Amino acid sequence: MGESAFQPYPFLLAAAERLAAGLARHGLAPGDAVGLLLDRPREVIPAFWGCVLGGFVPCPLPPLPDDADRAREHLVHLGELLDGPLLLTADPVASAPPPEARVRMVRLDELRAGAEAEPEAVGLAGPEGSARPVGTAAAPAAVAPDGLALLVLTSGSTGRSKAVRLTHANLLSSMAAKAERQRLTSADRTLNWIAFDHVAALLEAHLLPLAVGAEQFHVSSTRVLGDPMEFLRLISRHRVTMTFTPNFLLGLLNAAEAPTAGAPEAAAPMDGAADASAAERLDLRSLRHIVSGGEANVRATGEAFLARYAPYGLRGDALWPAFGMTETCAGSVYSRGFPWVDAGREFASLGQPVRGLRVRVADARGRVCPAGEVGELQLRGPMITDGYHRDPDATARAHTPDGWFRSGDLGRIDGLGDGVPSLLVGGEAGPGHLVLVGRAKDSVIVNGVNYFSADIEAAVERLDGVAPGHVAAFPTRRPGHDTEELVVALCPEPASASGAALHRLLNAVRATVVAHWGFRPAHVLPLPASAFPKTSLGKTLRQRMRERLEAGAYDAVIAEVAAEAEQQLGGHVAPEGATERALADIYAELFEREPARVSATASFFDLGGTSLDILRLRRLVATRLAVAELPVITVLTAPTVRQLAARLDAGPPVAAGPEAYDPVVPLQTGGDKTPLFCVHPGVGEVLVFVNLARYFAGDRPFFALRARGFNQGERPFGSFAEMVETYVRAIRARQPRGPYAIAGYSYGGAVAFEIAKRLEALGERVGFVGSLNLPPHIKYRMDELDFVETATNLALFLDLVDRRRARELPAELRALPAEDRLARLLDLAPPRRLRDLDLDLPKFTAWARLASGLTALGREYRPSGTVRSMTVFYAVPLRGTKEDWLARELRRWDEHTRSQNRYIEVPGEHYTMLGPRHVATFQAILRRELDHALGEGSP
């Protein structure tokens, strides 16, 4: 888990003073914005206070997207939104700013040079028993109550997020009101696991306990999400009295294996080992309340949680459903009567506002509704934002003419009596309580994070086969479910309206949502255009579609989609044995299916598995089946429940013996068109094709060719010719006769050309040969790539470093001793990415050596001979312009073909053309070109 420490508040102050001085040395002036691109509590908290003490305006930021194009767009937007901010980062950082972004990046360790290492888990407390260390900053900057203290980005948007303005007066009035309502004192202990780009982490879990001098504990979100029971163990271990969590975690805890009850022997260290945690006794008697917000609280989930953990000392009134927004300084309405006041409800009510806050419910004309009538929730008080930074139009839209903030949520106020206006005044005793019933604004909240419908609809509408103007993304919540789920409705164009084409289209929608947002829609509904209710201005009425869904109007469509999917997957074969049944349960959870409907013979990829799902699968297998390591290649080569169970039951390769090398990895096996074989790039691996293959479901099989040398005991190829001949034999073993379709990405383009040439020499017809951004002459590029360059390119390919850093690194690495170079590369990589890829130094070293070997084979390669024709897909090259790249390099394929070639421009850059941002567009172009070359139209 890393280091942990308990730090008195005076030490936090001293660290913040040093950072304030460091920020000032970088030329910042009071009022300048500072983006906190930091994810660990030990980094975020001192950086926040360093900004405050210096008079700068902190803005916590989420991690940059892994996709380089999306990261670049986000940085450009931040530069505009925050007016050229300085971005504080940890070392390593995933992406440096592009030239067009008006941002500067500074590493935190540059500001606190000379300071001792900080711990990963942080505890903070008052000054008792500790002397204040000496800081190095000048006196704190003078600020006014209405001065800007904090900017917080609106959550969940993949588009142009807004920045909520919070003043010093907002924060101070909010903390005083929260502390009074929650009865917090310096004797309390709080726990936080929420990431600091969420407003609740900074305000509810840090500023609030600090305001009363309470002790506070912070751990990373991955620690709790990876093992939800760790949340309760931390509460027990550290005698926590108050904490915060969204509703979905309560559902996970309800499903977790029950721990041992009883008082723990002593408080274990915050980085306690997992084995020790498993046997640790659980004692929740210290816990006074859990504030639960960020999404609606399901009454049944909350009641089940309280009942399940009552034997461990959890109080029956410990769960406080709450409402808050970034614009209200997080929690501002709390219910202290759960579950008794909510008998018979599906969702918990939210109680009453804190002192100083007024809440009303108004209709569309601005008239205050009678009690019990549904209208828009509006708020007013000293903790409410004055608007959005540098966005006067959004600020105006968010306020009524008489100055009330429009939340965008629909609600009512119950318990006031007939005819009484729907108004609650914080601090005044009364019977009324707030109930939320829906959302006027168009978004979906999944596991406490807001996703905007328009963003999702725009991504889906770009898919081929979707009728323009007829996509709707809206939320639903199944009875008793712990969080909202996404529904995507679309109108298929006639060619994609049924059978295998419709199955492919629905899979493409799911793959697109997963690639962009990391979760899968609960339903994808193909509907006729007449099923999309519209306003007179053409706006789709999403709320009406939700009402229809929840009334059962689309049940027949949902059943038809499920039946078609099962037919496309080849029917159902019941799992046998404990391992198969456990894996079927895991597949069901991943793909949100009933376990009884998961066939033992259905492929992980045919079910819709993406590269993100592979990572989730590996974590679930490790947890449920106690498998220490599940290599990615095992999932790729044994993707069905039955195949994977057989591999797991056989044990690790050392025990089971090495398997025969087969370069062909079946990423998608459905469809009756000519299979496509795609050759790996220069790194040898085929994960880059996983998301692309998802779009071929029900269309044509998609096989990837993986280099030899990854598995234990495998000898890498000794020559380019040996590699080609091996791949030709493997392809013919899968498909004995032509026509063939062969393509290669980057380095693989040259290999694909040689495979096609060899197949033609054997008398076979090759209907399609594709090169993804590679010219025929590669020797000059291979000559440039020594081991350091190759390893750096591998790191770039894996998103361990960004493109600009990759250009700078070779010179820096060559100055180091040879044995330290790869370690330095991994030191620069984001730890989260290394965990996702299961990469450590030995694995990365082996991979770099294999990639270097492939590079060496490329140095001896000279193109010769011809094939019938080629299709060349070109993107922004590694250097130079796209126009020069096409004219001077790529068009030299004309020298090696007998018929006219096709040169197809595609979006993105060399390393991003198959990434999440562009894969949906690229797949449509690729499938169209395949159909054209092979004479195979859509089924």
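Predicted model: local features only at pLDDT ≥ 70, side-chain atom pairs only at ≥ 80, totals over all residues.

Reader: Switching to strands. How many residues of S25 are buried?
Author: Eight of the 11 residues in S25 (466-476) are buried, so that strand is largely enclosed by the rest of the structure too.

Reader: How many bridges join S25 to S26?
Author: Seven, and the two strands run antiparallel. S26 covers residues 485-492.

Reader: Which residue stands opposite Thr476?
Author: Glu485 in S26.

Reader: What about the open sheet of four strands, what order does it have?
Author: The order is S3-S2-S4-S5, with parallel pairing. The edge strands are S3 (57-60) and S5 (104-107), and each pairs on one side only. Neighbouring strands in this sheet are turned by 30° against each other on average, direction ignored.

Reader: How many bridges between S4 and S5?
Author: Four, in the parallel sense, with S4 being residues 86-89. Thr89 stands opposite Arg107 in S5.

Reader: Which helix packs on the sheet?
Author: Helix H2, residues 41-54. H2 touches S2 (33-37), S3 and S4, and its direction makes about 175° with that of S2.

Reader: Now aromatics. How many pairs in the whole structure?
Author: A search finds 19 aromatic pairs. One of them is Phe48 with Trp49, which is edge-to-face at 5.0 Å centre to centre, with 80° between the planes.

Reader: Phe48 and Trp49, buried or exposed?
Author: Both Phe48 and Trp49 are buried.

Reader: Then Tyr661 and Phe717. Why is that pair edge-to-face?
Author: Because the planes of the two rings stand at 75°, and planes over 60 degrees apart count as edge-to-face. The ring centres of Tyr661 and Phe717 are 6.2 Å apart.

Reader: Where do the two sit in the chain?
Author: In distant parts, 56 residues apart. Tyr661 is in the loop between helix H21 (653-656) and strand S28 (664-668). Phe717 is in the loop between strand S30 (702-705) and helix H23 (720-734).

Reader: Why does Tyr661 count as partly exposed?
Author: Its relative accessible area is 23%, and buried would mean under 20%. Phe717, with a relative accessible area of 8%, is buried.

Reader: Which residues do ring pairs link into a cluster?
Author: Phe305, Tyr309 and Tyr312.

Reader: Last topic. At what angle do H28 and H30 pack?
Author: About 115°, with their axes 10 Å apart. H28 is residues 821-828 and H30 is residues 841-859. Their crossing is right-handed.

Reader: Which residues make the contact?
Author: From H28, Leu822, Ala823, Leu825 and Leu826. From H30, Leu841, Phe844, Thr845 and Ala848.

Note on methods
Residues numbered from 1 in each chain as written. Heavy atoms only, no water. Pairing = 2+ DSSP bridges. Axes fitted to C-alpha atoms, helices over the stretch in contact; angles between N-to-C directions. Contact = heavy atoms within 4.5 Å. Left-handed = near helix turned anticlockwise from the far one by under 90°. Phe/Tyr/Trp six-rings, centres within 6.5 Å; stacked < 30°, edge-to-face > 60°. Buried < 20%, exposed > 50% of the residue type's maximum accessible area, 1.4 Å probe, protein only.
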